[in-house]
Amino acid sequence: NLLGLYFGEVMGTVDYETYTAMVRDILALPEKLEQVLAQADQIQQIARDFAGRDDVFFIGRNLDYALSMEGSLKLKEISYIHSEAYASGELKHGTISLIEEGTPVIALSTYGPLFDKAMSNVIEVKARGASVLALTTESGKAEMEKRVDALLTVPDTELMFLPSLGVVSLQLFAYYIALQRGCDIDKPRNLAKSVTVE
């Protein structure tokens, strides 16, 4: 991130004010990560409710879709729960048919410009009986907690850096679910730590 910002400033594609604000946000990331880690007990409690599930769906838009794919991958590789990530904007193109009473859905809504659309997707899956855990920013907390069954937050920061915070919450979530299920987190089955053959 810093290298890209530096090149942007040198080439004149990032103005100085934006550059300094983004550098300030990068330098604040360790402290904000500490705030996310401080939620470990809450994440562990929520994970208990998901540990017995066989299928989990992640939904998100824009950067939150990329984050949902990572969260889904981590959950399936260490807890062995079937997990899929879907782009929220495509819910009505078939994915919504998979939602029924009690279906666990992790709704990611950290990307501020699309918060209202993400909220609309939460309402859609809740209307079909989904049990929804949302991940949003502190600024979206008050609005989101009215609609979901459980809520995790990350501190507000520059949009591009939000996935760096959100991924920690999702990794802890997967970790605690795997612990509840008695999985060997350090040695996931069928996964190679390095690729040695083509």
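**Entry 1, the model.** I am working with a predicted model.

**Entry 2, strand E4.** I began with how well E4 is covered. E4 spans residues 131-137, and seven of its seven residues are buried. I then looked at each face in turn. Ser131, Leu133, Leu135 and Thr137 are buried on one side, and Val132, Ala134 and Thr136 are buried on the other. I also looked up a neighbour in the sheet. Strand E3, residues 104-109, runs parallel to E4, and six bridges join the two.

Glu124 pairs with Lys92, with 3.3 Å between the closest N and O atoms. Glu124 belongs to helix H5 (residues 115-127) and Lys92 to the loop between strands E2 (82-87) and E3, so this pair ties together parts 32 residues apart in sequence. I wanted to know how open each partner is. Glu124 has a relative accessibility of 13% and counts as buried, whereas Lys92 is exposed at 65%.

Next came Lys126 and Asp149, whose side chains meet in a salt bridge at 2.9 Å, N to O. This pair also links distant parts of the chain: Lys126 is in helix H5, while Asp149 is in the loop between helix H6 (141-144) and strand E5 (150-154), 23 residues away. Lys126 is partly exposed at 29% relative accessibility, and Asp149 is partly exposed at 48%.

I then turned to Lys146 and Glu143, which form a salt bridge with their closest N and O atoms 3.5 Å apart. Lys146 is exposed, with a relative accessible area of 62%. Glu143 counts as partly exposed at 37%.

Which residues gather in a patch of negative charge on the surface? I found Asp54, Asp55, Glu100 and Glu101 there. I followed up on Asp55, which is found in strand E1 (residues 55-60).

Notes:
Residues are numbered from 1 along each chain as its sequence is written. This is a predicted model: local features need pLDDT of at least 70, side-chain atom pairs count only at pLDDT 80 or more; totals for chains, interfaces and linings use all residues. Side-chain values use heavy atoms; hydrogens and water are left out. Patches are made of residues with over 30% relative accessible area and no salt bridge: like charges are joined within 9 Å, nonpolar side chains (Val, Leu, Ile, Met, Phe, Trp, Tyr) within 5 Å. Accessible areas come from the Shrake-Rupley method with a 1.4 Å probe; for residues, only the protein chains shown count as cover. A salt bridge is a side-chain nitrogen of Lys or Arg within 4 Å of a carboxyl oxygen of Asp or Glu. Lys and Arg count as positive and Asp and Glu as negative; His and the chain ends are not counted. The place of a charge is taken as NZ of Lys, CZ of Arg, CG of Asp or CD of Glu. Helices (H or I, at least four residues) and strands (E, at least two) are DSSP runs, numbered from the N terminus. Buried means under 20% relative accessible area, exposed over 50%, partly exposed in between (1.4 Å probe, protein chains only). Two strands pair if DSSP finds at least two bridges between them.
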